[in-house]
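Dear colleague,

Please find below the structure that I am handing over to you. My notes on it follow.

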Amino acid sequence: MVMNISMSCSTRAMSPSVRLQEMIRVIRGARTQGEERGVIQRECAAIRAQFRQADNGTRSHNLAKLLYVHMLGYPAHFGQMECVRLIASPRYNEKRVGYLGAMMLLDEKQDASLLITNSIKNDLSHNSQYVQSLALCTLACMGSAEMCRDLAPEIDRLLRASNSYIKKKAALCAVHIVRKVPDLGELFTPAARSLLCEKNHGVLHGAVVLITELCERNPDTLEQFRKVVPELVQIMKGLVMSGYSPEHNVAGISDPFLQVRILRLLRILGRNNDTASDAMNDLLAQVATNTDSSKTAGSAVLYETVLTVMDIKSESGLRVLAVNILGRFLLNNDRNIRYISMTSLQKIVQTDHNAVQRHRGTIVDCLKDQDASVKRRALELSLALVSAVNIRSLMKELLLFLSSCPPELRAHTTSGIFNAAERYAPSQRWHIDTILHVLTTAGGDVRDETVPNLIQLITTATELHCYTVHKLYRALITDISVQSLVQVACWCIGEYGDLLLRGECEETEPVQVTEDDVLDALETVLQSHMSSPATRGFALTATMKLSTRITHNVDRIRSIVSIYGSCIDVELQQRAVEYNALFKKYDHMRAAVLERMPVIDKSSPGHTNGESAGGIKELEQTKLTQEVVLPKDPGNQVCDLLDLLGGSGEPVPSSGLSHTVPGPATSTSGGDLLDLLGGLDVSPAPPSVKVYEKNGVTLKLQTDSQTDTGMTITLTATNSTDGDITSLTLQAAVPKSVQLQMKAPSGDVIPARGLGLVTQTVLLNNPNKVSLKMRVRVCYSSQGAVCQDTVQIDSFPSPAW
Amino acid sequence: MCVRQRNRLHLEVAMIKFLLMVNKQGQTRLSKYYEKVDIGKRPALEADVVKGCLSRKKEQCSFVEYKDFKLVYRQYAALFIVVGISDTENELSIYELVHNFVEVLDKYFGHVSELDIMFNLDKVHIILDEMIQNGHIVETNRNRILAPLLALDKMAEAH
């Protein structure tokens with residue numbers, strides 16, 4: 001059946017098709033890529049030979065074949081001059097193929113394109129409208145600025161005095177000209193204005209597009225065209241309220257394409273202008289209520305209406321109407337419409353928060369949608385809608401989502417949940433429970449800072465220590481595969497193990513454990529091959545700490561510690577050796593050293609000494625030395641130890657070193673100690689680039705880590721002036737498809753004379769892999785004056801490892 | 001700490017960037033570019049775009065975010081029609097446009113198939129040029145689109 005149709009087509013067709021069809025058949029017959037290439041090369045050679053010969057009536061066939069070959073991806077540049085020749089031919093077939101060839105093979109950079117200017121000029125005044133249209137189409141496709149300047153008056157003439165077939169094409173040709181040579185906009189403005197009176201939809205459409213282009217380029221023209229808003233409103237009314245019109249009907253809507261265009265033009269005209277916005281208010285309400293949204297065509301119009309309403313200065317009733325339309329879209333069966341709705345809601349959730357909140361239920365339901373992109377949108381919207389009022393119920397949904405969400409969304413979900421929990425947690429217990437739930441469900445996808453953050457949170461919730469350690473112990477004996485959870489659990493048990501052993505707890509069912517049980521749990525972690533080196537370090541330290549919290553089994557601890565003194569892992573070995581020393585030579589200090597820790601202050605300087613000095617091993621060594629220096633009574637006993645390790649003489653503030661967990665932040669004083677511990681290799685800090693230096697304030701940027709789809713960078717600010725810099729704020733902007741998350745800065749005061757610094761970590765998620773750029777605005781107060789500067793960052797240094 | 005996204009100016013003109021017809025094996029049956037794309041870069045772009053669309057599952061929607069613009073695709077039997085549009089263009093409207101295009105082809109060829117398109121590429125180009133010009137819609141009425149082509153067919157027959 002198909003072949004018959006082709007055959008009948010070929011007899012009716014214009015001649016080029018026959019030879020072309022033969023060639024296509026031959027190419028399709030080729031069985032391998034190599035064979036196909038062979039066929040095509042032969043054909044191209046034949047075509048080239050024929051081009052060199054005089055006109056033998058086959059030129060258009062050959063060019064047609066060449067264009068087909070070009071579409072398959074083979075080179076066809078030798079056909080360019082042939083296009084020029086064919087365009088100049090008087091026969092329509094040849095002109096047609098020539099112009100098509102020009103559109104496909106020529107662009108401004110080729111010299112040949114200039115040669116067709118004259119042909120186009122002549123053809124624009126040809127007596128056949130089809131030839132005119134060829135010329136218009138080609139000019140609109142590949143006309144250079146020169147050609148456009150040359151031919152603009154012709155186009156203007158055609159815009160005024162020709163039939164509607166030509167007028168509509170001329171209008172779009174004018175659009176191209178204006179894009180190439182913006183100054184020519186003024187030339188077309190009067191003609192564009194008068195075209196609005198036409199009845200023909202094609203011409204109207206072209207006119208609206210042309211006016212849109214003119215207004216977007218020139219604010220004065222925009223001002224002028226505001227006067228036609230009433231006219232546009234009339235045209236729209238006509239389209240919306242008219243009955244069935246067979247000419248332009250698409251699924252019951254009268255010319256939806258034209259409606260969409262007019263709505264967009266109205267949007268541009270009404271933006272930031274009260275009068276124009278008022279004039280279109282009624283119309284927009286009418287379109288919103290009268291358009292049937294059961295099919296896509298109607299939804300397209302409604303969608304454009306919503307966008308327009310949100311962008312102009314509309315009254316609040318209209319805005320609510322628009323948001324409700326989006327809410328209705330969410331319930332639509334067609335997933336395309338649901339997706340569109342999500343995207344739009346996301347754009348307006350900040351500005352019309354309350355209106356969107358009303359649809360929270362539907363949005364949360366979309367978390368269960370099949371389509372991954374709808375899910376992602378629903379997640380982002382849900383996170384944006386979290387508030388103090390709905391945190392409990394919304395978090396339930398989010399946690400449910402987390403247990404079944406696609407892997408690529410997990411990291412985003414966990415960090416979103418953590419942020420929301422931090423901002424709106426109704427109670428500390430709820431907060432801790434939530435974080436633990438997340439760790440149990442998706443502990444492998446949380447960010448590194450989660451562990452120290454959770455620990456900090458636990459220490460501050462002093463009444464809940466008993467509850468927390470019970471919960472974590474239970475989690476630990478169930479499953480030790482999730483590293484983040486295990487680390488926190490070990491730390492907790494080490495710290496609050498005595499509460500566990502006491503066997504009583506108000507908040508939850510107490511466990512009946514013996515000291516051996518607890519030590520068993522920790523040893524299991526130590527010995528398991530699932531535990532990472534960092535985790536084992538946690539476990540060993542926790543075991544050591546228990547030596548002051550338990551009474552009977554201290555010997556067992558002693559033996560564990562001495563076994564690990566010969567462990568292959570250097571880090572563990574180091575710790576074990578030092579703990580051994582603590583048992584043997586410095587036993588009198590042990591209790592003080594392993595005392596309960598004070599509450600960790602969140603924005604401590606410990607966070608800010610930002611040079612991440614390389615691997616975790618380094619950090620753990622610093623950790624140990626920090627612990628040693630930690631206790632509040634820096635009595636004489638401790639000084640000996642400090643001297644042994646060659647530490648800095650000045651007392652380091654306890655809050656600064658309370659960061660005893662291996663995390664990305666470290667303390668630079670650790671660096672000194674390390675140096676004196678026998679020339680240990682501190683790997684160099686990753687290269688940091690200076691991005692801003694003014695008034696004594698320097699801002700450096702370093703890349704902490706980088707993947708295909710994102711990176712983590714740290715901005716460090718220092719101050720070399722004599723006075724403190726206060727009220728430091730950093731703001732950042734990134735390209736549209738990149739997601740930005742700025743962590744809390746370490747502080748907003750940079751001490752004078754370089755005695756301290758402020759850091760802020762920024763996470764960039766770049767799923768579309770566009771080139772990353774960032775603009776950072778720096779604001780601060782220096783010596784009473786407020787300074788503000790913006791820097792553009794176009795390239796990022798590579799991470800150290 | 002507030003984060004400000006750069007305010008996207010509307011210099012990002014709403015337009016169609018390209019239109020492709022590709023079959024399930026990834027072979028291009030028709031390609032039309034309305035925005036400057038280096039001739040050398042076109043095969044790579046086509047391959048990439050097609051890969052993105054062919055790998056979509058049935059439950060996923062017809063709009064794909066690709067680099068910094070969007071793709072709208074529809075499947076008709078073994079053919080995919082993929083339209084690349086700028087960020088600011090209305091996706092639903094383009095979705096309708098694609099269907100309109102297919103309906104026009106259907107009317108001209110009578111139950112159009114992939115082979116029809118392959119062997120009559122020049123005519124399909126003519127039809128497309130009547131519908132879309134330099135990235136914007138020119139005409140959507142079926143009869144008006146086909147009128148020039150039918151007239152030319154008559155002229156050819158007469159010769």
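In these notes, buried means under 20% relative accessible area, exposed means over 50%, and partly exposed lies in between (1.4 Å probe, protein chains only). This is a predicted model, in which local features need pLDDT of at least 70, side-chain atom pairs count only at pLDDT 80 or more, and totals for chains, interfaces and linings use all residues. Residues are numbered from 1 along each chain as its sequence is written, chains are lettered from A and ligands numbered from 1 in the order in which they are written, and side-chain values use heavy atoms, with hydrogens and water left out.

A salt bridge is a side-chain nitrogen of Lys or Arg within 4 Å of a carboxyl oxygen of Asp or Glu. By this rule, there are 48 salt bridges over all chains.

One of them joins Arg91(A) to Glu94(A), with the closest N and O atoms 3.5 Å apart. Glu94(A) is buried, at 3% relative accessibility, whereas Arg91(A) is partly exposed at 47%.

A further salt bridge, at 3.0 Å from N to O, pairs Glu231(A) with Arg193(A). This pair links distant parts of the chain, 38 residues apart: Glu231(A) belongs to helix α15 (residues 229–241) and Arg193(A) to helix α12 (residues 185–195), both of chain A. Helices are DSSP runs (H or I, at least four residues), numbered from the N terminus.

Arg226(A) and Glu223(A) also form a salt bridge, at 2.9 Å from N to O. Here Arg226(A) is buried, at 16%, and Glu223(A) is partly exposed, at 46%.

Yours sincerely

Note on methods: Helix = DSSP H or I, 4+ residues; strand = E, 2+ residues; numbered from the N terminus.
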